[in-house]
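Have the model open as you read.

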Amino acid sequence: MEQFYEAIGKIVAVGGGAAAIAYGLFLFLGKRWIEDKFSMRLESYKNEQQKNLEDFKYQINALFNRVLKIHDKEMEILPEAWAKLHDAIDLTSNLVSVYQEYPDFKRLKDTEVISYLESIKWKQHQIDELLEATDRNKHFQEKIFWHRLGDAQKRFSDFHKYITRNKIFMGEELKSHFSKVGDLLWESLVTREVGEEVKDHKMIVESYKKLKENLNQIVSEIEKLMQERLRYYDAV
């Protein structure tokens, strides 16, 4: 480039005024050309940067919306999971408890017996069997266990299915603790059922003892983790 301008300078020196005018025109047009090129490049760069910025904003907004949807889903499932957990705990704890309460049918009239059994959803043939039993109290205590077991298993199943379907929206710690409490409840139900079938008092006591010793700690951890998540959303 320097050699080019040097050559132009020599032409001006030789050619005189006309050459000077031509040289000045060249410098002016050359400068305008450079400025125009620079402006075009600058505008193109600005447009490209603006496009990149808009793309980045779109990606951020899309990511933020996905995160919000996940958080909203978690806020929806956590209270329901907590409620289903306690439903399962209540029925399982009552079933495996070594302290059971039963009505005394010896002191009740037949109409009162029927009313009570209907209130706990016994079928008519089951009511008839109890009314015809020689020892109504013993008959009831033998039969009611299986009714309560069925109810406890159903509540546990509701809890387990809900957690399985929604665990993708939970943190790893929560999933782990829900899994632990599920295993504990199910083991207690199975141990109690087998103990009842074989009339093994040791197994019956064991199902109650293991649940009592381990349940509160796991549930407390779940409660703590859930409160942390809920406080986090309040802060957001």
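Helix α5 supplies the largest share of the second largest pocket's lining, 6 residues. Keep in mind that this is a predicted model, where local features need pLDDT of at least 70 and side-chain atom pairs 80 or more, while totals for chains, interfaces and linings use all residues. Numbering runs from 1 along each chain as its sequence is written, and side-chain values use heavy atoms, leaving out hydrogens and water.

**Second largest pocket**
- The volume comes to about 260 Å³.
- Of its 16 lining residues, Q100, Y102, Q141, R192 and E196 sit closest to the centre.
- Elements giving two or more residues to this lining are α5, α6 and α7 (201–235).

**R192**
- R192 belongs to helix α6 (residues 172–198).
- Leaving aside residues up to four places away in sequence, R192 touches L95, V96, F145, I204 and S207 (contact means heavy atoms within 4.5 Å).

**Largest pocket**
- This one has a volume of about 430 Å³.
- There are 18 lining residues, with I120, I144, H147, R148 and D151 nearest the centre.
- α5 gives the most here too, with 5 residues.

**α4 against α5**
- Helix α4 (residues 124–132) packs on helix α5 (residues 136–166) at about 150 degrees, axes 8 Å apart.
- That makes α4 roughly antiparallel to α5 (the term covers angles over 145 degrees).
- Q126, E129, L130 and L131 of α4 meet R136, H139, F140 and H147 of α5.

Conventions: Axes are lines fitted to C-alpha atoms, for helices over the stretch in contact, and angles run from 0 to 180 degrees between N-to-C directions. Helices (H or I, at least four residues) and strands (E, at least two) are DSSP runs, numbered from the N terminus. Angles under 35 degrees count as roughly parallel, over 145 as roughly antiparallel, 65 to 115 as roughly perpendicular and the rest as oblique. On a 1 Å grid over the protein atoms alone, a cavity is a set of points where a 1.4 Å probe fits but cannot get out, and a pocket is an open set with protein on both sides within 12 Å along at least five of seven lines; lining residues have an atom within 4 Å of a point. Grid points are joined across faces, edges and corners, and a volume is the space filled by probe spheres set on the points.
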